[in-house]
Amino acid sequence: MNEVIAEQLGRGHPLATHLDDFLTDKRNAGASGQTIRAYRGDLIQFTAHVDGELAELTAAPIRAFLADLGQLSAATRKRKRAAIASFCRWAVRHDLLDANPMDRIDTIKVPKTLPRPAAAADVAKVLAAICSRRPRKDLPLDRLRDRALFETAYVCGARAAEVCGLYVEDLDLRMDDEHVRIHGKGGSVRTVLLDDRGYVALLKFYLARADYTAGPLFRASINGYGGPLSYDAAHHRWQGYCTAARVEIDIHQLRHAHATELINAGVSIEAVRRRLGHASTETTQLYALLDDKVADAEIRAARRRRDRATR
């Protein structure tokens, strides 16, 4: 049994074994480590409201659990409800539940909010706090790794977890046709063009310095012999660099910044969707709405200049 489940839930809890089996199936289906941790945390929290066997699960404890989350955001409550729904569907498929109690639970609506992209100047400050784009030859390898990692997230519009999971074999660095293969959510794979010459030069320098020809691209250990750097470790290091640069940027805002820059440059919604790996254009459209706000700001500024000129 998973150590976290055994420690926090207890091996004797009636749902412990089922929860462990559910997460194992999720992992075998290709769910990321970050997704597994999120499911595990939400479901362990939910099981505090469940006393009986899984076969006896009804809508009542689910409603009680969701009612206790009233102080949380709608997005967080929706995520926790989705975790329970996925667990219940799994239980029904495995004949552990006769009927799905989630059929009696109302959905949670989340108001659509616009992404919060980071300003390019702020991103540049944080990256510069790591090291120069043309780093010294004696720069510690882990520092060079971090610059290459976070710039990959920014230049490719990739999720930080996707970048942490890259392998050297995912790179195609043939001259004038450089690409990287990114493994996204749900087992999807997309190929992203690396069209920034300065970034490509940095990446090649990193590979040469680390002497990597295969295996994880961004490794956890300073000596370069470890496994992939974890998302949590990358997030912690990014926050440290932000503090050093006196800039507040969440690591996911690098992805938003890249998408917004593409939209502002006139790149089509479909092209941006493919680059980001969105399942549909509905999510990508939010960046177009953000672009409208940028246009509105420019129009207001122009009107203010016109009004001052006519006074």
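## Phenylalanine 150 and its surroundings

Phenylalanine 150 touches Leu127, Ile130, Ala234, Trp238, Tyr241, Ile251 and Leu254, leaving aside residues up to four places away in sequence; contact means heavy atoms within 4.5 Å. The model is predicted, so local features need pLDDT of at least 70 and side-chain atom pairs count only at pLDDT 80 or more, whereas totals for chains, interfaces and linings use all residues. Residues are numbered from 1 along each chain as its sequence is written, and side-chain values use heavy atoms, with hydrogens and water left out.

## Nonpolar cores

Phe150 is also, with Tyr206 and Trp238, among the residues with the most contacts inside the largest nonpolar core, which has 48 residues. Such a core is a set of buried Ala, Val, Leu, Ile, Met, Phe, Trp, Tyr and Cys residues joined through side-chain atoms within 4.5 Å. Buried denotes under 20% relative accessible area, exposed over 50%, and partly exposed in between (1.4 Å probe, protein chains only). The elements giving two or more residues to this core are helix 6 (120–130), helix 7 (141–156), helix 8 (160–164), strand 2 (179–183), helix 9 (197–210), helix 10 (231–245) and helix 11 (253–264). Helix 7 supplies the largest share, nine residues.

A second, separate core comprises 30 residues, including Ala16, Phe87, Leu97 and Met102. In soluble globular proteins, nonpolar side chains tend to be buried together.

Three strands make up an open sheet in the order 1-2-3, with antiparallel pairing. Strand 1 and strand 3 stand at the edges with a single partner strand each, so one side of each lacks a neighbour in the sheet. Two strands are taken to pair if DSSP finds at least two bridges between them.

Strand 1 (residues 171–172) is joined to strand 2 by two bridges, and aspartate 172 stands opposite histidine 179. These two strands form a hairpin with six residues between them, and aspartate 176 in the turn has a positive phi of about 65°. Strand 2 and strand 3 (residues 189–193) pair over five bridges. Across this pairing, arginine 181 stands opposite threonine 191, and histidine 183 faces valine 189. The hairpin of strand 2 and strand 3 has five residues between the strands, with glycine 186 in the turn at a positive phi of about 65°.

## Threonine 47

Threonine 47 lies in helix 3 (residues 33–47). Its relative accessibility is 4%, and therefore threonine 47 counts as buried. Its contacts include Leu9, His13 and Leu15, not counting residues up to four places away in sequence.

## Overall architecture

The protein has 13 helices and three strands; helices (H or I, at least four residues) and strands (E, at least two) are DSSP runs numbered from the N terminus. Along its principal axes, the C-alpha trace spans about 65 × 65 × 35 Å. Of the 311 residues, 42% count as buried. Residues 24 or more positions apart account for 59% of the contacts with a separation of 6 or more.

The accessible surface comes to about 17,000 Å², and 50% of this belongs to carbon and sulfur atoms; the areas come from the Shrake-Rupley method with a 1.4 Å probe, and for residues only the protein chains shown count as cover.
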